[in-house]
Amino acid sequence: MSAAPQSAPFRRPDLSGPRLRLVTGLKNATKVSPRGVWVAVLIVVMAFGIQLFLSTIIVEDAYRTSELEQQHLELERAHTAALEKSDAQDSPQYLAAQATDLGMVPASSSAFLDLESQSIVHGEGWVPEREKVDASLVPNAVLEPAEEEQPAPKPGESTKKKEEPAVPSEFEMSSPSTR
């Protein structure tokens, strides 16, 4: 005997037995209907449309918020300016000038009524009338702010001055320095 393996003769498969066949209920399930494709495309388009609509609303609200913050800042500046004007009109220099304009004069000394003798008693150092008050003797920095001298621009620098509001807001924050 030899060491070579023996092979079995080739046999044809028996085709006369049961064959594979498609189940009739599943025959149409493998096809993709055009209606299903249109429904899927419609869902995707609607999702993108809704996303675009919501993004537009968010951006619009961001712009509106920015405008309202700017308006709030301007109103705060106007409020600060009004407070400073009110403080200036409450200053002693302003009140003295207004009183002088109305014809009032400072009291030279005190006078009292004596009820028993029914007469006016003047204190010591009584002077009948004094001069008008000179408001320029005591300057009022709120009414007449001193102007600052501007240094000469260096060669090559722009001479344009950055426009700043008349009254700086106490609510503004300086921008952080980054490196």
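**Helix, hairpin and surface**

Reader: Let me start with D61: buried, exposed or partly exposed?

Author: D61 counts as partly exposed, because its relative accessibility is 34%, a value that falls between the 20% limit for buried and the 50% limit for exposed. Please keep in mind throughout that this is a predicted model.

Reader: Which side chain does D61 meet in a salt bridge?

Author: The side chain of D61 meets that of R64, with an N to O distance of 3.2 Å. Both residues belong to helix 1, where they sit 3 residues apart, or about one turn of the helix.

Reader: And what else forms a salt bridge with R64?

Author: R64 also forms one with E60, and here the closest N and O atoms are 3.0 Å apart. R64 and E60 are separated by about one helical turn, because they are 4 residues apart in helix 1. In general, an α-helix has 3.6 residues a turn, so residues three or four places apart point the same way.

Reader: How exposed are they, starting with R64?

Author: R64 counts as partly exposed because its relative accessibility is 42%, and E60, at 45%, is placed in the partly exposed class as well.

Reader: How many salt bridges does the count come to?

Author: The count comes to 3 salt bridges. Besides the two that involve R64, there is one in which the side chains of R77 and E74 meet, at 3.1 Å from N to O.

Reader: Where do R77 and E74 lie?

Author: R77 and E74 both lie in helix 1, with 3 residues from one to the other, which is about one turn. Salt bridges that share partners, on the other hand, join E60, D61 and R64 into one network.

Reader: Is R77 buried or exposed?

Author: R77 is buried, because its relative accessible area is 14%, which is under the 20% limit.

Reader: Which other residues of helix 1 are buried?

Author: Along with R77, the buried residues of helix 1 are L73, E76, T80 and A88. What covers these buried residues includes helix 2, which runs over residues 92-101.

Reader: Changing topic, what does the secondary structure of the protein come to?

Author: There are 2 helices and 2 strands, and from the N terminus on the elements run α-α-β-β.

Reader: How do strand 1 and strand 2 run?

Author: Strand 1 (residues 111-114) and strand 2 (residues 119-122) run antiparallel and are joined by 4 bridges. The bridge partner of A111 is H122 in strand 2, while F112 stands opposite V121.

Reader: What do strand 1 and strand 2 form, and how many residues are between them?

Author: They form a hairpin with 4 residues between the strands, and Q118 in the turn has a positive phi of about 55 degrees. Q118 is a residue other than glycine, and most residues other than glycine have a negative phi.

Reader: Why does Q118 count as exposed?

Author: Q118 counts as exposed because its relative accessibility is 73%, which is over the 50% limit.

Reader: Now the surface: what makes the nonpolar patch?

Author: V32, V37, W38, V41 and V45 make a nonpolar surface patch of about 530 Å². One of these residues, V32, lies in the segment before helix 1, the helix that covers residues 34-89. V32 counts as exposed because its relative accessibility is 68%.

Reader: And what does the accessible surface of the protein come to?

Author: The accessible surface comes to about 17900 Å², with 59% of that belonging to carbon and sulfur atoms.

Reader: How many of the 179 residues count as buried?

Author: I can give that as a share, and it is 6% of the 179 residues.

Reader: What about contacts between residues 24 or more positions apart?

Author: Among the contacts in the protein with a separation of 6 or more, residues 24 or more positions apart account for 56%.

How values were computed: Residues are numbered from 1 along each chain as its sequence is written. This is a predicted model: local features need pLDDT of at least 70, side-chain atom pairs count only at pLDDT 80 or more; totals for chains, interfaces and linings use all residues. Side-chain values use heavy atoms; hydrogens and water are left out. Patches are made of residues with over 30% relative accessible area and no salt bridge: like charges are joined within 9 Å, nonpolar side chains (Val, Leu, Ile, Met, Phe, Trp, Tyr) within 5 Å. Accessible areas come from the Shrake-Rupley method with a 1.4 Å probe; for residues, only the protein chains shown count as cover. A salt bridge is a side-chain nitrogen of Lys or Arg within 4 Å of a carboxyl oxygen of Asp or Glu. Buried means under 20% relative accessible area, exposed over 50%, partly exposed in between (1.4 Å probe, protein chains only). Contact means heavy atoms within 4.5 Å. Two strands pair if DSSP finds at least two bridges between them.
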